[in-house]
Amino acid sequence: MYVADSRANAEPSAGGTTGTARSTARVSAVVAPTVFALGAVSLITDVSSEMVTAVLPLYLVTGLGLSPLGFGLLDGIYNGFSALVRLAGGHLADRGGGRHKWVAGVGYAVSAACKPLLLLAHTLTPIGLILAADRTGKGLRTAPRDALISLSSTPENRGRAFGVHRAMDTAGALLGPLVAFLILRATVDGYDAVFTVSFCVAVIGVLVLVLFVPAPTRTPTPAPVPDAEKVVRPTLRAAFALLARRDLRRITLCALLLGLATVSDSFVYLLLQRRLGVPDRWFALLPLGTAAAFLLLAVPLGRLADRVGRWRIFLAGHGALLTAYALLLTSWHGAALPYAVLLLHGGFYAATDGVLMAAASDSVPEELRSSGLALVQTGQAAARFVCSLGFGAAWTLWGDRAALMASAAALAVCAVFALRLRPGRSVLEPVR
């Protein structure tokens with residue numbers, strides 16, 4: 001059952017129903033309770049993880065004195081290591097039928113356990129191992145979580161469902177850097193305090209998942225998918241065989257290519273800091289701009305993707321990212337520069353993150369939903385891992401400007417290729 005079915009059809013009270021109440025009822029009527037529960041878990045978890053992410057670049061580069069290449073290695077681990085375990089997480093969730101919640105729970109718990117370990121690590125190797133373990137948890141949980149969202153939604157509102165989840169997730173990303181900023185200003189051992197509070201918040205997220213996210217018991221009947229009439233056993237061979245599907249193969253390839261030219265968030269913030277001379281104590285606030293834009297645009301762009309076609313919105317998001325790169329390469333130093341770059345950066349995520357999963361869901365049968373989404377996520381995460389290493393090496397050898405110029409050129413070429421190698425009509429056109 002969907003939330004507020006009865007209230008959406010009820011007669012308004014004598015005082016009338018406000019516009020806000022009507023809007024809330026409409027959204028609730030088409031978005032399943034599972035989506036809201038998972039959104040709450042992601043919100044809490046992102047407060048925890050973004051507290052660390054917001055201070056980590058400065059902690060590593062300024063506090064521990066790592067070179068851009070060393071930071072690129074750690075950033076690549078942080079953003080791409082999960083690619084190694086996403087397929088395993090998706091496969092484990094599909095094999096059990098109803099294991100999506102519990103596989104995701106293990107992933108959240110592993111990431112939470114890594115937070116206090118950062119208090120003990122002060123050199124490259126142990127920090128790298130801790131970040132790898134943290135991203136292992138993320139890799140385990142991402143595909144089962146997105147499969148739960150997809151399976152609890154209908155094809156007609158899947159973009160909106162992912163948009164609602166990503167908006168709630170981003171609300172946590174908006175709060176995390178703010179909490180980290182306040183802790184850094186209020187404490188003497190600021191970084192240690194950030195890591196400790198992050199662990200406590202992450203534990204709360206795991207508890208919310210266990211107590212309030214229902215295990216999947218019934219899913220809506222999906223729209224017909226080619227070659228999906230027969231029930232498929234969830235094996236690894238069947239998972240990789242999904243790449244024989246034209247649409248999913250092309251979606252995966254495009255996500256991989258575009259990921260190769262997507263500079264990580266941390267490097268974008270470091271570039272902004274260098275361009276504008278942002279003091280260290282304000283650095284943790286830069287991710288707030290990206291998160292705010294993501295929060296405001298996730299649901300509208302998800303709904304627009306349902307109406308005009310998900311692939312168009314996905315490619316438009318990369319156009320926004322390319323524009324942000326161009327602004328960072330110009331000689332403009334105006335006060336509006338950080339706002340414009342962070343708005344475009346957040347718009348990129350709003351137009352691509354959930355929209356890509358909604359597009360991929362249309363090409364994957366229910367029995368292999370986690371595995372199919374994991375294939376796409378694995379290609380994208382692996383590509384971003386390579387991009388972080390390459391960008392860090394280019395920055396070390398040639399400087400930040402030359403590295404960004406190379407990334408912008410690569411993104412433009414990959415975007416043109418993705419435009420030509422587009423999926424079929426089911427992804428290009430709105431779902432009727």
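**Where helix 11 meets helix 14**

Mentor: In this predicted model, helix 11 contributes I251, C254 and L258 to a contact with W311, F314, L315 and H318 of helix 14. By class, six of the residues in this contact are nonpolar, one is polar and none is charged.

Two packed helices are described by the angle between their axes and the distance between the axes. Here helix 11 covers residues 246–259 and helix 14 covers residues 310–329. Their axes come within 12 Å and cross at roughly 10 degrees. Angles under 35 degrees count as roughly parallel, and helix 11 and helix 14 are therefore roughly parallel to each other.

L356 touches both sides of this pairing: its contacts, leaving aside neighbours within four places in sequence, include I251, W311 and F314. A255, V376 and Q380 are also in contact with L356. L356 belongs to the largest nonpolar core, which has 106 residues. Along with L60, V341, V376, F391 and L404, L356 touches the most other members of that core. The largest share of the core, 14 residues, comes from helix 3 (residues 33–63).

Next, consider helix 12, residues 265–276. At 1.5 Å a residue, its 12 residues should span 16 Å, and the end C-alpha atoms are 17 Å apart, so the two values agree. Nine of the 12 residues are buried, so helix 12 is mostly covered. Among the buried ones are F267, Y269, Q273 and R275. After helix 12 comes G277, with a positive phi near 65 degrees.

Notes:
Residues are numbered from 1 along each chain as its sequence is written. This is a predicted model: local features need pLDDT of at least 70, side-chain atom pairs count only at pLDDT 80 or more; totals for chains, interfaces and linings use all residues. Side-chain values use heavy atoms; hydrogens and water are left out. Axes are lines fitted to C-alpha atoms, for helices over the stretch in contact, and angles run from 0 to 180 degrees between N-to-C directions. Helices (H or I, at least four residues) and strands (E, at least two) are DSSP runs, numbered from the N terminus. Angles under 35 degrees count as roughly parallel, over 145 as roughly antiparallel, 65 to 115 as roughly perpendicular and the rest as oblique. Contact means heavy atoms within 4.5 Å. Ala, Val, Leu, Ile, Met, Phe, Trp, Tyr, Cys and Pro count as nonpolar, Asp, Glu, Lys and Arg as charged, and the others, Gly among them, as polar. A nonpolar core is a set of buried Ala, Val, Leu, Ile, Met, Phe, Trp, Tyr and Cys residues joined through side-chain atoms within 4.5 Å. Buried means under 20% relative accessible area, exposed over 50%, partly exposed in between (1.4 Å probe, protein chains only). The expected span of a helix is 1.5 Å times one less than its number of residues.
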